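Dear colleague,

I am passing a structure on to you, and my notes on it follow directly below. Please read them beside the coordinates.

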Amino acid sequence: MSEVTSDLEKEHNAILLMLDILEKISDNMDQEIDIPDNHLDGLSRFFTIFADKCHHGKEEQLLFPTLKDKGVDMNKEPFASIFEDHKEGKIYISNMLDAIDSYKTTKSGQSKFIQNARKYINLLQQHIEKENQDMFRITNEYLDETELVSLKHKFDDFENNVIGGGIHEQLHEMINELEDYYLN
Ligand SMILES: [Fe+2]
Ligand SMILES: [Fe+2]
């Protein structure tokens, strides 16, 4: 496994963990257990900044153009459905954010939140499995050592520009707190 795919895999593992937390939060909401505002804010920040902007950004803006240059057809599988999954995921995130707003202000929006959270969890779990298998295999097959090293540098620069070191730390701290609270 190259540094490029292991970097993405680490992020997939963080996303999978947050999906488990999201599932627990949705189940609690379904049972009318109160969800603290800061937990909902943590979810919002993680899925918009870390998962969508940073992680999917690295894939769409850096990895896919590099593979395309090497002759990989982005209109074929697995890439055709990977793009569609990213688009579909943005819709669920935006619906969850709306529902979180309603929940925080008027304690409404629970069913919208739960429905969209469950669709999002299902989508991303399958999406990550597809990427861990097919996308990683293609990446390591088509790119040579020099290209992989240069792509990893671009990933690092992108991450610093999009979220920066301080925020990355904060997000990881938040994940640990939510993990302790909901899963342990
Ligand atoms: Fe993806
Ligand atoms: Fe991914």
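Two residues are taken to be in contact if their C-beta atoms, placed from the backbone, lie within 7 Å, and helices are DSSP runs (H or I, at least four residues), as strands are (E, at least two), numbered from the N terminus. This is a predicted model, in which local features need pLDDT of at least 70 and side-chain atom pairs count only at pLDDT 80 or more, whereas totals for chains, interfaces and linings use all residues. Residues are numbered from 1 along each chain as its sequence is written, while chains are lettered from A and ligands numbered from 1 in the order in which they are written.

I begin with helix α1. The expected span of a helix is 1.5 Å times one less than its number of residues, and for the 28 residues of α1 (residues 3–30) this gives 40 Å, in agreement with the 40 Å between its end C-alpha atoms. Burial is counted from C-beta atoms placed from the backbone: a residue is buried if 20 or more others lie within 10 Å of its own, exposed if 12 or fewer, and partly exposed in between. The buried residues of α1 are Val-4, Thr-5, Leu-8, Glu-11, His-12, Ile-15, Met-18, Leu-19, Leu-22, Ile-25, Ser-26 and Met-29, and what covers them includes α2, α4 (110–142), α5 and α6 (164–183). In general, an α-helix has 3.6 residues a turn, so residues three or four places apart point the same way. Asp-20, which also has its place in α1, is partly exposed, because 15 other C-beta atoms lie within 10 Å.

Helix α2 (residues 37–69) has 33 residues and reaches 45 Å from its first C-alpha to its last, close to the 48 Å expected. At Gly-57 the helix α2 bends by about 35°, the bend being the angle between axes fitted to the seven residues ending there and the seven starting there.

α2 packs with α5 (residues 145–162) at an angle of about 145°, with their axes 10 Å apart; here axes are lines fitted to C-alpha atoms, for helices over the stretch in contact, and angles run from 0 to 180 degrees between N-to-C directions. In this pairing, Lys-53, Cys-54, Gly-57, Lys-58, Leu-62, Leu-63 and Thr-66 in α2 meet Glu-147, Leu-151, Lys-154, Phe-155, Phe-158, Glu-159 and Val-162 in α5. By class, the contact of α2 with α5 has seven nonpolar, two polar and five charged residues, where Ala, Val, Leu, Ile, Met, Phe, Trp, Tyr, Cys and Pro count as nonpolar, Asp, Glu, Lys and Arg as charged, and the others, Gly among them, as polar.

Glu-32, in the loop between α1 and α2, has a positive phi of about 60° although it is not a glycine, and Glu-32 is exposed, because 8 other C-beta atoms lie within 10 Å. Lys-107, in the loop between α3 and α4, has a positive phi of about 50° although it is not a glycine either, and Lys-107 is exposed, with 10 other C-beta atoms within 10 Å. Just after α2, Gly-71 takes a positive phi of about 100°. In the loop between α2 and α3 lies Pro-78, and the peptide bond from Glu-77 to Pro-78 is cis, with omega near 5°.

With kind regards
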